[in-house]
Amino acid sequence: MYILGISCYYHDSAATLVKDGKIIAAAQEERFNREKHSNVFPISAINYCLSKEGIIINDIDQIVFYERPFLKFHRVLKNLIGSFPRSFSAFMDLVPRYLGERLVLPSKIKNTLDYDGKVLYIPHHISHAASAFFTSGFEKANILTVDGIGEYASMMIGYGEKNRIKGDKILPYPGSVGLLYSAITTYLGFKANGGEGKVMALADFGEPVYLDFLEKIMDLKEDGSFTCFEKYFDFSSGNRMFRNSLEKEIGPSRRPDQKIERHHKDVAASLQAFTEKSVISIINNMIKKNGVKKLAVAGGVFLNCVLNRKILEDTEVEQIHIFPAAGDAGGSSGCALFAYYHLFGGEERYTIKTAALGPKYLKNSIVNLAINRNLIIKELSEEELIKDCAESISLGKICGWFQGNMEFGPRALGNRSILANPAADDIKEKLNRDVKHREWFRPYGVSVLDEKGSEIFEDYVTNSFMIMTDTVKKEKRKSIPGALHVNHSVRYQSVSSDDGKYYRLIKKFYEITNIPMVINTSFNVQEQIVCSPEDAFDTFMNSNIERLYIEDFVVLKQEGDTK
Amino acid sequence: MLCKRCVMPESKPDIYLNEQGLCNICSAFESQNNNRKDDTVFHETELVKILNKHRGKHKYDCLVMISGGKDSTSSLYYIVKKYKLNPLAMTFDHGFENEEAIYNIKNAVDSLKVDWIFFKTDFMKEMFAEIIRTKSKAVICHLCSIWYMQFTYETARRYDIPIIIAGWTKGQSNIPDIISKGKCDIDAPEYQSMAKATKKFLKEHVRKMPKYKDFPMSMEEVIKRAAKKHKATVLSPHWFLKTPVEEYTRLIQEELGWRFPKESYPEKSTNCLLNFLSVLLSLKHYGYTHYHVEMSKMINLNMMTRDEALDLLEKNWDDKMIDDVLTRLGLSRKDIEDG
């Protein structure tokens with residue numbers, strides 16, 4: 001049985017193909033159309049999913065959409081009318097879009113795909129919950145989904161057992177951890193829906209001096225719920241989601257070009273602390289009620305890897321599963337999985353092992369493209385390629401690594417990655433300044449050999465999707481200065497022998513340097529992650545990445561380039 | 001001298017190499033690619049939409065032109081197995097089809113259980129002989145394609161079939177406006193000299209032969225005539241699919257017992273015996289063939305490497321085959337030699 005899940009029209013449009021309860025293909029539209037966080041109908045992602053399995057739309061048993069557009073439109077319309085006339089421009093922008101395509105999705109699907117069947121609409125947070133629970137492999141677990149906003153809810157507390165999930169409680173709009181985080185992100189001079197990771201990184205430099213204030217103005221309750229009062233916030237605007245009254249209380253906001261001051265770091269730290277306190281209170285309450293200590297989570301807020309570590313540290317949760325595409329892209333997976341279990345009676349459960357669910361490319365297309373572009377390309381055996389790459393990294397070179405199927409979700413996990421040596425003192429500055437052109441304070445994640453994780457980290461747990469941080473043991477800190485964040489933590493990905501070539505590369509690097517990890521950041525420069533060899537060549541040639549290892553080939557920038 | 005990127009030779013007046021050593025096909029492709037938009041790329045969903053529009057509305061959903069080669073045989077396979085349509089298969093033999101191709105076709109239509117029309121005729125034989133006798137530079141394959149497309153449209157009309165399916169590769173199309181325009185875009189720059197010679201031959205010789213007084217003067221005329229009588233969409237599944245040639249060849253070998261012919265040009269293709277003569281004359285008159293053009297496009301689409309194309313295009317056949325074809329046309333070697 002094939003089920004196609006679709007998410008689109010807000011941000012991070014995506015498609016997922018589920019076959020007999022397992023995700024077999026999934027991709028975000030932005031990777032194909034090269035528009036970051038693209039929200040358009042994901043036609044290329046759908047085409048990819050079908051072609052991966054060699055099927056056509058007639059073979060799809062059910063198409064499922066990740067939220068209920070009418071309910072969402074109701075909330076949007078209500079808010080727009082409520083905040084009229086301030087919302088006039090938003091009204092003029094949003095209403096035609098809803099009427100033009102969002103509310104007539106079946107006809108859009110019919111016209112675009114020639115699909116005659118019915119389209120099912122699954123509530124937004126149920127989609128997130130299904131993506132978390134039905135890929136966790138847990139027999140039973142508490143489920144928590146937290147993001148900006150779905151139809152009316154920003155959070156859902158639920159429970160899953162065998163092939164069933166249910167939602168018990170929601171946090172209604174305007175209470176929203178996700179929207180609060182985005183609002184403060186705009187206060188700190190970064191863009192909403194993209195800049196939140198920067199705020200998380202900045203938080204480690206500050207002190208949560210505004211935590212009490214945030215708790216007070218949000219009316220944070222013991223169970224973790226709260227309200228974002230309109231006096232301080234304006235969620236109907238995407239650019240400036242806060243009001244002057246917030247600035248009156250905690251000081252002026254930061255302009256994007258303004259220097260980052262102590263105050264900004266403290267605001268970021270306070271926001272992070274508030275987020276952690278709210279989510280942890282909710283989880284503790286869930287456990288208190290039913291005693292279940294396994295937790296499956298999804299929603300954009302769980303891309304916050306510092307929060308994810310805190311959940312393990314400050315709650316009684318024993319095992320946590322975080323869906324790798326925790327944001328709205330993953331809604332496409334969840335709605336399809338929900339349909340499989342709840343509507344079609346699927347029984348057999350599975351555990352997601354890899355996020356490499358996107359397209360891969362053939363050798364011929366790579367060779368010919370390289371020839372067309374007059375690139376210097378050499379074919380190597382796998383052993384030679386791994387040795388060459390490991391040696392290059394050990395010598396401080398920054399290497400592009402393009403192998404196999406593209407990852408689904410925001411993290412590059414060794415298939416579309418830029419790799420570097422964590423032992424180099426200045427590697428973070430070099431990457432931020434010369435390659436990625438990012439803010440100075442932003443740290444990089446690492447990929448670590450799973451079997452060596454507990455030698456490096458204080459409280460190591462296997463974390464295959466780079467969705468959690470951990471503190472590096474004191475005695476190991478000197479050996480990986482390039483990977484350490486200011487508080488000695490590192491965001492890490494566990495790499496095991498199941499990861500094949502990537503595992504063998506890190507193993508070789510370990511043999512050379514005695515360091516069982518490499519810095520791993522996404523293969524992009526101020527753009528969406530590369531998808532095709534063409535994208536990889538473009539990024540490689542227009543950046544300071546020094547070598548590119550693409551499938552069986554090494555690509556050099558100049559002839560005779562030696563390590 | 002060959003283009004640095006593809007396999008086109010510098011062969012004026014149609015092919016020019018620029019200062020970087022790229023030919024006009026590659027230069028055009030480069031500028032087209034720089035302005036590439038998603039809507040110029042075909043997706044399989046678009047093919048499915050077209051097929052679904054006509055599914056189950058006629059006795060036959062589509063007419064599949066099958067020559068026994070890997071591309072047309074796989075097209076028939078996809079139409080039946082993947083898209084689950086009810087096609088009528090059709091083959092035309094101008095008297096020079098090779099036995100291995102016929103074997104492949106019979107196998108395919110038997111395995112897939114589809115109705116099949118096999119039309120054999122000597123109708124074109126005199127015209128082909130006339131090209132040689134008059135020393136015309138007209139391309140035999142161009143004339144043949146005009147004839148078989150006319151015949152295909154007539155068959156589609158006769159059986160009221162709304163879609164004509166071919167096995168043309170992406171290199172044999174001029175994306176995106178190829179649908180319903182037939183195979184050969186003889187107005188393309190790389191074909192201009194060939195088209196001119198073909199038109200001249202048709203005008204000066206064919207029209208004077210009573211047997212061919214109704215023969216269309218161009219592909220455009222074929223399409224115009226067809227449009228007046230019956231509307232049919234012409235397309236090839238390969239334009240919409242990303243499946244590499246090796247993969248679909250393996251598929252039909254395993255599923256339909258398909259075989260490569262012993263001798264062919266280009267390598268790993270299946271063509272009629274007359275094709276060897278057509279290739280020989282194209283190389284002589286123009287320095288390249290329509291296969292060079294096709295593969296150059298495939299190279300630019302990253303579906304083939306330049307080295308692979310050069311290997312496939314290497315002339316490596318027994319010249320005795322040319323003599324056999326000439327004999328069957330009532331001609332001899334002398335007729336194709338200069339002077």
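Mentor: First, a caution on annotations. UniProt positions are given here in the numbering used for this model, feature names are shortened, and annotations may be inferred rather than shown by experiment. Also note that this is a predicted model.

Trainee: Which residues of chain A does UniProt list for "domain: Carbamoyltransferase C-terminal"?

Mentor: The name comes from an unreviewed UniProt entry. Over that stretch the chain is 24% helix and 23% strand. Its end C-alpha atoms are 18 Å apart. The record lists residues 390-557 of chain A.

Trainee: Which strands stand at the edges of the open sheet of nine strands in chain A?

Mentor: Read the strand order: β11-β19-β18-β12-β13-β17-β14-β16-β15, with mixed pairing. An edge strand here has a single partner strand, so one side of it is left without a neighbour in the sheet. Neighbouring strands of this sheet are turned by 35 degrees against each other on average, direction ignored. The edge strands are β11 (376-379) and β15 (468-471) of chain A.

Trainee: Which helix of chain A packs on the sheet and touches β13 and β17?

Mentor: Look at β13 (416-420) and β17 (517-522) of chain A. The helix direction makes about 130 degrees with that of β13(A). The helix spans residues 427-435 and is α16 of chain A.

Trainee: Which residue stands opposite Y549(A) in β19(A)?

Mentor: Start with the strands. β18 covers residues 547-550 of chain A, and β19 covers residues 553-556 of chain A. They pair in the antiparallel sense over four bridges. Opposite Y549(A) stands V554(A).

Trainee: Are α7(A) and α11(A) roughly parallel or roughly antiparallel to each other?

Mentor: Helix α7 covers residues 177-187 of chain A. Its axis and that of α11(A) come within 11 Å and cross at roughly 180 degrees. Angles over 145 degrees count as roughly antiparallel. Therefore α7(A) and α11(A) are roughly antiparallel.

Trainee: How many residues in the contact of α7(A) with α11(A) are charged?

Mentor: From α7(A) come V177(A), L180(A), Y181(A), I184(A) and Y187(A). They meet residues of α11(A), including H263(A), V267(A), L271(A) and F274(A). The contact divides into eight nonpolar and four polar residues, and the number charged is none.

Trainee: Why is α9(A) called oblique to α11(A)?

Mentor: Helix α9 (residues 211-218) and helix α11 (residues 262-290) of chain A have axes that come within 9 Å. The crossing of α9(A) and α11(A) is right-handed. Their axes cross at roughly 55 degrees. That angle makes α9(A) oblique to α11(A).

Trainee: How many residues in the contact of α9(A) with α11(A) are charged?

Mentor: L211(A), L214(A), E215(A) and M218(A) lie on the α9(A) side. They meet S270(A), L271(A), A273(A), F274(A) and K277(A) in α11(A). By class, six are nonpolar and one is polar, and the charged residues number two.

Trainee: Is α10(B) roughly parallel or roughly perpendicular to α13(B)?

Mentor: Helix α10 covers residues 274-286 of chain B, and helix α13 covers residues 320-328 of chain B. Their axes come within 9 Å and cross at roughly 105 degrees. That makes α10(B), relative to α13(B), roughly perpendicular.

Trainee: How many residues in the contact of α10(B) with α13(B) are nonpolar?

Mentor: L274(B), F276(B), L277(B) and L280(B) belong to α10(B). They meet M321(B), I322(B), V325(B) and L326(B) in α13(B). The contact has no polar and no charged residues, and its nonpolar residues number eight.

Trainee: Which residue stands opposite D93(B) in β3(B)?

Mentor: Five strands of chain B form an open sheet in the order β3-β2-β1-β4-β5, and the pairing is parallel. Strand β2 (residues 87-93) and β3(B) pair over six bridges. Opposite D93(B) stands K120(B).

Trainee: Which residue does a cis peptide bond join to Y173(A)?

Mentor: Omega of this bond is about 10 degrees.

How values were computed: Residues numbered from 1 in each chain as written. Chains lettered and ligands numbered in written order. Predicted model: local features only at pLDDT ≥ 70, side-chain atom pairs only at ≥ 80, totals over all residues. Heavy atoms only, no water. Pairing = 2+ DSSP bridges. Helix = DSSP H or I, 4+ residues; strand = E, 2+ residues; numbered from the N terminus. Axes fitted to C-alpha atoms, helices over the stretch in contact; angles between N-to-C directions. Contact = heavy atoms within 4.5 Å. Parallel < 35°, antiparallel > 145°, perpendicular 65-115°, else oblique. Left-handed = near helix turned anticlockwise from the far one by under 90°. Nonpolar A, V, L, I, M, F, W, Y, C, P; charged D, E, K, R; others polar.
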